[in-house]
Amino acid sequence: MKIKFTGTGDGRGIPAVGCKCQRCSTTRKNGGKNHRRTVSVIITNKSDTILFDTPSSIGQVLNEEKIFHLSAIFLSHKHFDHVGGITVFEYWPEKIYVYGNMSVLGNFEITDRLYNNCEFHVLHEKESVKINHIRVKPFSVSHKVPTFGMIFQEDDKKIIHFSDKAENKLDDYEKRLLKNADVTIFHTPGFDGGTDHIDVVSVMDIAKRNPSTRFVITHIGHNNLSHEELVKKLKPYENIIVAYDGLTLQV
Ligand SMILES: [Zn+2]
Ligand SMILES: [Zn+2]
Ligand SMILES: [Zn+2]
């Protein structure tokens, strides 16, 4: 599988709209890896293309990536920074297969056109679905609303995506998950506390305990360190990658 980080910012992205802070101002001027769209990833293999989350930036992502076919869309939860772009699929030229929990599928207002263009599939905790060769298994992560992280697996390769996990600690199930993961992704808007998500410092601790797993941090906010500062801080941790828009990993 290949995973591409098509958006790596938190709910506001960087530069955040209306924000004149140092980070947003510099990023507006210079662009580069500090420029972060709202969060999404695209997972592909030889035959399939799977989109995980549809933030407001997703239309632009699909155009830039020149993607004209999607095998499925998976949604983590109903927060707007993860689903706010779903309406671009009103005009998608083929049927869209959308997977998520009841909270996300049942609650956002679906226009008639979108509704007719989508086939909705309710996901249940730890019940896998198969998109041809890729098995996708949802698991609950602690967050303000019902939220699924996803395990994407092809053969013995596993990507574990914790979406908006709140707690800094892992429970026993999550600890076991990491043991045979190839890539594990955490959403870290902040560096050391200050948000209701897991922070970078906690991921450093987890990475130290799981040296054979590659970790990626994404969903990074404007109050976090800059991309360059994060890379420098994480240099001693060879198994943590700081995501940026466009980062692609082969798994
Ligand atoms: Zn979020
Ligand atoms: Zn800002
Ligand atoms: Zn959220």
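What spacing do the donors of the zinc ion (ligand 1) follow along the chain? I looked this up before anything else, keeping in mind that the model is predicted. The pattern I found is D-H-x81-D-x54-H.

**Entry: zinc ion (ligand 1)**

I listed the protein donors of this ion as Asp81 (OD), His82 (NE2), Asp164 (OD) and His219 (NE2). They lie 2.2 to 2.3 Å from the zinc ion (ligand 1). I then checked the angles among the four donor atoms, which run from 83 to 149°. Tetrahedral would require all angles to lie between 85 and 135 degrees, and the site is classed as irregular. Next I asked where two of these donors sit. Asp81 is in helix H3 and Asp164 is in the loop between S10 and H6, so the pair ties together parts that are 83 residues apart in sequence.

I also looked up how far these two are covered. Asp81 has a relative accessible area of 16% and is buried. Asp164 is at 2% relative accessibility and also counts as buried. The cut-off for buried is under 20%.

**Entry: zinc ion (ligand 3)**

Which residue bridges the zinc ion (ligand 1) and the zinc ion (ligand 3)? I found Asp164 in that place, with the two ions 3.7 Å apart.

For the zinc ion (ligand 3) I noted His77 (NE2), His79 (ND1), His143 (NE2) and Asp164 (OD) as protein donors. Their distances from the ion are 2.1 to 2.2 Å. The angles among the four donor atoms span 90 to 168°, and I recorded this site as irregular. Along the sequence the donor residues are spaced H-x1-H-x63-H-x20-D. His77 comes from the loop between strand S4 (72-74) and helix H3 (80-83), and Asp164 from the loop between strand S10 (157-161) and helix H6 (172-179), so this pair ties together parts that are 87 residues apart in sequence. I checked burial for both: His77 is buried, and so is Asp164.

**Entry: strand S11**

I turned to strand S11 (residues 183-187). Five of its five residues are buried, so the strand is largely enclosed by the rest of the structure. In a regular strand the side chains alternate between the two faces of the sheet. I sorted the residues of S11 by side: Val183, Ile185 and His187 are on one, Thr184 and Phe186 on the other, and both faces are covered.

Which strands pair with S11? S10 does, in the parallel sense over three bridges, and Ile159 stands opposite Val183 there. Strand S12 (residues 214-218) also pairs with S11 in the parallel sense, over five bridges. Here I found Phe186 opposite Ile217 in S12.

I followed the connections as well. S10, H6 and S11 make a right-handed β-α-β unit. S11, helix H7 (residues 200-209) and S12 make a right-handed β-α-β unit too.

**Entry: helix H2**

Which residues of helix H2 (residues 58-65) are buried? I found Ile58, Val61 and Leu62. Seen down the axis of H2, these buried residues fall within an arc of 95°, so they line one face of the helix. An α-helix has 3.6 residues a turn, so residues three or four places apart point the same way.

I then looked up what the buried residues of H2 pack against, and noted strand S1 (2-7), strand S2 (40-44) and strand S3 (49-52).

Methods: Residues are numbered from 1 along each chain as its sequence is written. Chains are lettered from A and ligands numbered from 1 in the order in which they are written. This is a predicted model: local features need pLDDT of at least 70, side-chain atom pairs count only at pLDDT 80 or more; totals for chains, interfaces and linings use all residues. Side-chain values use heavy atoms; hydrogens and water are left out. Donors are N, O and S atoms within 2.8 Å of the metal (3.2 Å for Na, K and Ca); water is not among the atoms, so sites may look incomplete. Four donors count as tetrahedral if all angles lie between 85 and 135 degrees; four count as square planar and six as octahedral if opposite donors are over 155 degrees apart and all others between 65 and 115; anything else is irregular. Helices (H or I, at least four residues) and strands (E, at least two) are DSSP runs, numbered from the N terminus. Buried means under 20% relative accessible area, exposed over 50%, partly exposed in between (1.4 Å probe, protein chains only). Two strands pair if DSSP finds at least two bridges between them. A crossover is right-handed if, with the strands pointing away from the viewer, the path from the first strand over the helix to the second runs clockwise. The arc is that of the directions from the helix axis to the C-beta atoms. Contact means heavy atoms within 4.5 Å.
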